[in-house]
Amino acid sequence: MIRAYPRFPTLFPGETLVLHVSTTSPRFRVAFFRQGATLERLISPHPRPLQGMDIPDGPPDIDWGWPGYEFAIPRDWRTGVYLAVLIEIAADGRESSPDTTTTFATEAKALFVLRHAGPIAAGTPLYKLSWATFVAYNGTGYGSLYTEAVWSREQPAPGFKVTWRRPGCGTGGLVMPGDSEDFYDTSSRRQTFEHWDAPFVRWLEAEGFAPHYCTDWDLHRDPALLRPYSLLLSTGHDEYWSDPMRAALDAHVARGGNIAFFSGNISGYRIHFTDDDTAFTCAKVIPPTKDPDRWTQDAWIQINPECRLTGVATAFGGGWWDGKRQTLGYTVQHAAHWIFKNTGLAEGAVFGDDDAFPLIGYEVDGAAFRRRNGHAIATGEKGTPRDFLILGIAELNQNWVASRANAAATMGLYVSPQGGIVFQAATTDWPILVPRNRHVGQITRNIVDRMRWPAARIVGPLPARAGRTLAAVGETVTFHIDTANFGYAADYICEWEIAGAHLIEADGLKARVQLPPAADFVTISAFAVKDGQPVGFGTRSLLPLTAEEALKLDMLINMREMVMAGEPSNPLVSPTHDPADLNWLIFSIRVPWIRERAERLQAAAAKLMGRRGDD
């Protein structure tokens, strides 16, 4: 037997990799591979045999301290996910090597990541491995955050504790006992790099997107990591986040950065790094009433709901962990949206409902929603952005494990105030289907190809309605693209794409659009282009108000303005105050304001009553 773990999960080309190794063989050597479009074998930086030592397993919560062996990483090795393959050499010279057609193994392999060093070309995505999930589920040496959990009372963050300085964080170890095999693919275990990441990495590199790579550990330690990148990719099972990780992603979105979550059960639990960031704790349970070491249960939904950032949460979705699950795909909503371009999918079509490997599962996230004029609309519960646009929905039946009725997986996106796009696939198995399913592959291609560029904020529809960017069916409105982040506006042209409405005129950075006669989704998108190359992409979606909704809105706004009448701190009407005591509020300057709004209210009410009379 031979096993190993890297001293650090990431490093840069030109630095020294330290592998900590224990083996029952007298000697061993190490071969290196990079996971690109294929698993490519590299020239080993240290091809000579090394002396082996047999050291027993350590406890799961502290550094195992196995003997370290140094390997100088060549400066010309590219950013990527790398595999160290350990080859045992018996006393008689015979070699024993694991399967080198896959990154998966329960021993004899170790995973590490090379970061990018040097200038970063515009349009380069950053791929983040959900490495903390690998660590959390690692059962090597009796220990994970699950059935073999070891509790730590260390301050400042008591919780179940695991170290990543042991084999198995991504490959080369055991996934926790009780975590069932994937019914649809038993060639690798869930919670390993091979299962969710490798298919997507192969696809990305074959498509020519050439992402840079990092891990959760890098995001935790380097708050500036995301600044040079427009798009962060999260895949598979991105469940465990620290406070600095969450803060880094919040800041990225706040300044207009894009994130594409091709994952599920995202940010379910909070972790706390400890032991010089070589281990972390997670309090997955509430403290007993009389426990002297009080703590907060580390569920993000209770601390700072993840859906404020991600748009979705497992609390509105569910899981199906073992065996063959209900075959579900996403039902398309707003088929004209750019994510569906070149898919051939029509409104109400279902994709991913493949019985051989269904898209929905094994864990899914959702947004609370209601139906409005036949459309699924996010309600904003638990902080989901109110403009979260549901583009695909898969409602779960009673056989799924879910924490609420009407649970569903909701694929969609929202746009931040600075124009950044946060896309949500909301299912763990999305990356597995990318190379298998043409619809999933094309949607992913559309997303990466647009969101890898800096955000270009779309402003509209204009003119604003009572201070709000709202518009009603049939109206002609204006949108424009904000290129302030790119420089002088005259240097750019704008390529507009209008979905669900009629483009009347495109004039440089401005587009005039006629909204549809019926209330249906409209999406306005644009590339900012300079010298023939994209420099930014922006998008904005809306569901126009019906004529009746527009009149009701006018009535409510005018009633509100009558009550506030010039001074919000002194409203004229309150259900708990006797009007006889409030006469002093009706002083002369307020009377014209009240009359004006009353006239508007009367006109809106008359129009609304007239429409109902027509009905």
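Helices (H or I, at least four residues) and strands (E, at least two) are DSSP runs, numbered from the N terminus. The views below show a predicted model, in which local features need pLDDT of at least 70, side-chain atom pairs count only at pLDDT 80 or more, and totals for chains, interfaces and linings use all residues. Residues are numbered from 1 along each chain as its sequence is written, and side-chain values use heavy atoms, with hydrogens and water left out.

**Figure 1. The largest pocket and the strands around it.** Six strands each give at least two residues to the lining of the largest pocket: β24 (369-372), β25 (375-378), β26 (389-395), β27 (408-415), β29 (457-462) and β35 (533-542). On a 1 Å grid over the protein atoms alone, a pocket is an open set of points with protein on both sides within 12 Å along at least five of seven lines, whereas a cavity is a set of points where a 1.4 Å probe fits but cannot get out; lining residues have an atom within 4 Å of a point. The volume of the largest pocket is about 950 Å³, a volume being the space filled by probe spheres set on the points, with grid points joined across faces, edges and corners. Of its 31 lining residues, R386, D387, R540, S541 and L542 lie nearest the centre. The lining has 19 nonpolar, six polar and six charged residues. Here Ala, Val, Leu, Ile, Met, Phe, Trp, Tyr, Cys and Pro count as nonpolar, Asp, Glu, Lys and Arg as charged, and the others, Gly among them, as polar.

**Figure 2. The second largest pocket.** This pocket has a volume of about 470 Å³. Its lining is made up of 27 residues, and those nearest its centre are E239, N265, G268, Y269 and T314. Both α5 (300-303) and β20 (313-319) supply at least two lining residues, and β20 has the largest share, with five. By class, 12 residues of the lining are nonpolar, 10 are polar and five are charged.

**Figure 3. The largest cavity.** The whole structure holds two cavities of 30 Å³ or more. The largest cavity contains about 130 Å³ of space. It is lined by 16 residues, with P6, P9, L111, W131 and C169 closest to its centre. Two or more lining residues come from each of β1 (2-6) and β10 (109-114); the largest share, four residues, belongs to β10. The lining divides into 12 nonpolar residues, three polar and one charged.

**Figure 4. The second largest cavity.** About 40 Å³ of space lies in this cavity. The lining consists of S130, T133, F134, Q191, W196, D197, T235 and H237. Five lining residues are polar, two are nonpolar and one is charged.

Figure 5. The secondary structure comes to 10 helices and 35 strands. Along its principal axes, the C-alpha trace spans about 100 × 65 × 45 Å. Of the 615 residues, 58% count as buried, that is, under 20% relative accessible area with a 1.4 Å probe and protein chains only. Among contacts (heavy atoms within 4.5 Å) between residues at least 6 apart in sequence, 72% join residues at least 24 apart.

Notes: Buried means under 20% relative accessible area, exposed over 50%, partly exposed in between (1.4 Å probe, protein chains only).
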